[in-house]
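Here is a short briefing on a protein model.

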Amino acid sequence: LAIGMTEPSGGSDLAALKTSAVKDGDDWVINGSKTFITNGYSADLIITAVRTDPEKGARGISLFAIPSDAPGFSRGRKLDKVGQDESDTAELFFEDVRLSEEHVLGELGGGFIAMMQKLPQERLGCAISNVAHAKQILVETLQYTKDRKAFGAPIGTFQHNKFLLAELFTSIEVAEAYIDTCVIAHDKGELTPVDAAKAKWWSSQVQNDVLDHCVQLHGGYGFMNEYRVARAWRDARVSKIWAGSNEIMKELIGRDLGL
Ligand SMILES: Cc1cc2nc3c(=O)[nH]c(=O)nc-3n(C[C@H](O)[C@H](O)[C@H](O)COP(=O)(O)OP(=O)(O)OC[C@H]3O[C@@H](n4cnc5c(N)ncnc54)[C@H](O)[C@@H]3O)c2cc1C
């Protein structure tokens, strides 16, 4: 399964998406393209956001369930990424893909609202994994700083590094506490899009800051791909971009502040 929202012309302004579905008899005919789609290279089914009414802006967007064997559907190459090697990411193309009405998912014209309703859950999921990812590497880094010696002493005992590690553990645990409140709110069906945005941007910033320091604490070994810390650092970078960039998260929060 893959979720196709982002297009080559832009991902942040989702309401401006261009891939279109035009009614032809009883069928819909879909044309356009998507990019950066996780699992796009291997998915059998692509939930695709498509414009069904060019006049209605966000209310003219619908979701289609598009099987990968539909005539007119094709995939580009597997995109070459900086990190996240375990998942494939691809461009998808739709050329006169003809589908019956039953491929429309949910309400016609309700696609944008459905995405807005579900994106907070995705962003909370990102927040949880951002912090868990950084915490595990931080725990391993702490051990490294106890084992690795310089100037005759474990590097973690130098006051600079000791204070730095104290700060990094603090920032992880403070982030965890906020995310825990979001998980409880989500469980009750009360997580707001704004709180999910706060959890997403903050956790990805903490994750990237922590992992950058972890690389530094490993010295040259931290830059070697055979060390987990190096891969974690590469993998983390995208968390500030995907699922709605951190700038878009701050835009949502800023709007909630009445700005
Ligand atoms: C590895 C990976 C996997 C992905 N998986 C998926 C997927 O499965 N499905 C999917 O649909 N998408 C996926 N994406 C796409 C991702 O969600 C988009 O890359 C993201 O939303 C940003 O869109 P864009 O790349 O078009 O950047 P743009 O929208 O062109 O933005 C470029 C820059 O401008 C900034 N910007 C834009 N608008 C504003 C504003 N109003 N104020 C301030 N700054 C602004 C952005 O924050 C960004 O820094 C994936 C991306 C990557 C890298």
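The sulfur of C126 lies 13 Å from the closest cysteine sulfur, in C182, so the two are too far apart for a bond. A disulfide is a pair of cysteine sulfur atoms within 2.5 Å. The structure holds zero disulfides. This is a predicted model: local features need pLDDT of at least 70, side-chain atom pairs count only at pLDDT 80 or more, and totals for chains, interfaces and linings use all residues. Residues are numbered from 1 along each chain as its sequence is written, and side-chain values use heavy atoms, leaving out hydrogens and water.

**Cysteines**
- C126 counts as buried, at 11% relative accessibility.
- C182 is buried too, with a relative accessible area of 3%.
- Buried means under 20% relative accessible area, exposed over 50%, and partly exposed in between (1.4 Å probe, protein chains only).

**Largest nonpolar core**
- A nonpolar core is a set of buried Ala, Val, Leu, Ile, Met, Phe, Trp, Tyr and Cys residues joined through side-chain atoms within 4.5 Å.
- The largest one has 27 residues, and L138, I172 and V210 have the most contacts inside it.
- α1, α2 (159–187), α3 and α4 each supply at least two residues of this core.
- Helices are DSSP runs (H or I, at least four residues), numbered from the N terminus.
- α2 gives the most to this core: nine residues.

**Another core**

**Helix α4**
- In helix α4 (residues 228–236), the buried residues are V229, A230, A232, D235 and A236.
- These buried residues pack against α1 (111–147) and α3 (193–217).

Technical notes: Contact means heavy atoms within 4.5 Å.
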